[in-house]
Amino acid sequence: MKVRVGIEGITMDSAHYTLSSYADSQIHGHTYIVNVEVEGEVNEKSGFVVDFNLLKKIIKETIQEWDHKLIIPKVDLDKSRFEGPFRVDYKVIDAPFPTAEYIGIEIAKDIYLKLNKKYRILLKIYEGKDSYAIIEYP
Ligand SMILES: [Zn+2]
């Protein structure tokens, strides 16, 4: 029997832009809220699908890579230059646009790999408080 266990409400503050939309082509920021469910069989020896402590640790580590970063598509890296008294940390995404959809896919994929491809990942990512994408990976 499949059981889904989840962690909700992990947040990251990141900047991005989306060149496919004029309004969103300006660099701006969001608080993203990430909810993750992991689907699998209950392990009879532990009683867990995945230990919540382990799951939370993996999700937080994954989200940490995006937090307080400018998310920039790989294809735009060579075209971009930033100078100033501020610090610019990038998170490069191997996708055409750094939208919630692609960011969610990347995060779901990372969690899937960190859990050794053993579980199906269901991820809901909010971009702000009322807009979201739902990803099922793989
Ligand atoms: Zn945006």
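Before the close-ups, one definition: helix axes are lines fitted to C-alpha atoms over the stretch in contact, and the angle between two of them runs from 0 to 180 degrees between N-to-C directions. Everything below comes from a predicted model.

**View 1. Helix 1 and helix 2 pack against each other.** Two packed helices are described by the angle between their axes and the distance between the axes. Here, helix 1 and helix 2 meet at an angle of about 135°, and their axes lie 10 Å apart. Angles under 35 degrees count as roughly parallel, over 145 as roughly antiparallel and 65 to 115 as roughly perpendicular, with the rest called oblique, so helix 1 and helix 2 are oblique to each other. Their crossing is right-handed. On the helix 1 side, the contact is made by I58, I59, E61, T62 and I63, while helix 2 brings in I107, D110, I111 and K114.

**View 2. A look at I58 in helix 1.** I58 sits in helix 1, which covers residues 52–64. Is I58 buried or exposed? With 7% relative accessibility, I58 counts as buried. Setting aside neighbours within four places in sequence, I58 touches I111, K114 and L115.

View 3. T62 has its place in helix 1. Its relative accessibility is 0%, so T62 counts as buried. Which residues does T62 contact, leaving aside its neighbours within four places in sequence? They are I107, D110, I111 and K114.

**View 4. Helix 2 from end to end.** Helix 2 takes in residues 100–114, 15 residues in total. At 1.5 Å a residue it should span 21 Å, and because its end C-alpha atoms are 21 Å apart, the two values agree. Its buried residues are A100, I103, G104, E106, I107, A108, D110, I111 and Y112. After helix 2 comes N116, with a positive phi near 55°.

**View 5. Three histidines hold the zinc ion.** Which atoms coordinate the zinc ion? It is coordinated by the NE2 atoms of H16, H28 and H30, at 1.9 to 2.0 Å. Along the sequence, these donor residues follow the spacing H-x11-H-x1-H.

Key
Residues numbered from 1 in each chain as written. Predicted model: local features only at pLDDT ≥ 70, side-chain atom pairs only at ≥ 80, totals over all residues. Heavy atoms only, no water. Donors = N, O, S within 2.8 Å, 3.2 Å for Na, K, Ca; no water. Helix = DSSP H or I, 4+ residues; strand = E, 2+ residues; numbered from the N terminus. Expected span 1.5 Å × (residues − 1). Buried < 20%, exposed > 50% of the residue type's maximum accessible area, 1.4 Å probe, protein only. Contact = heavy atoms within 4.5 Å. Left-handed = near helix turned anticlockwise from the far one by under 90°.
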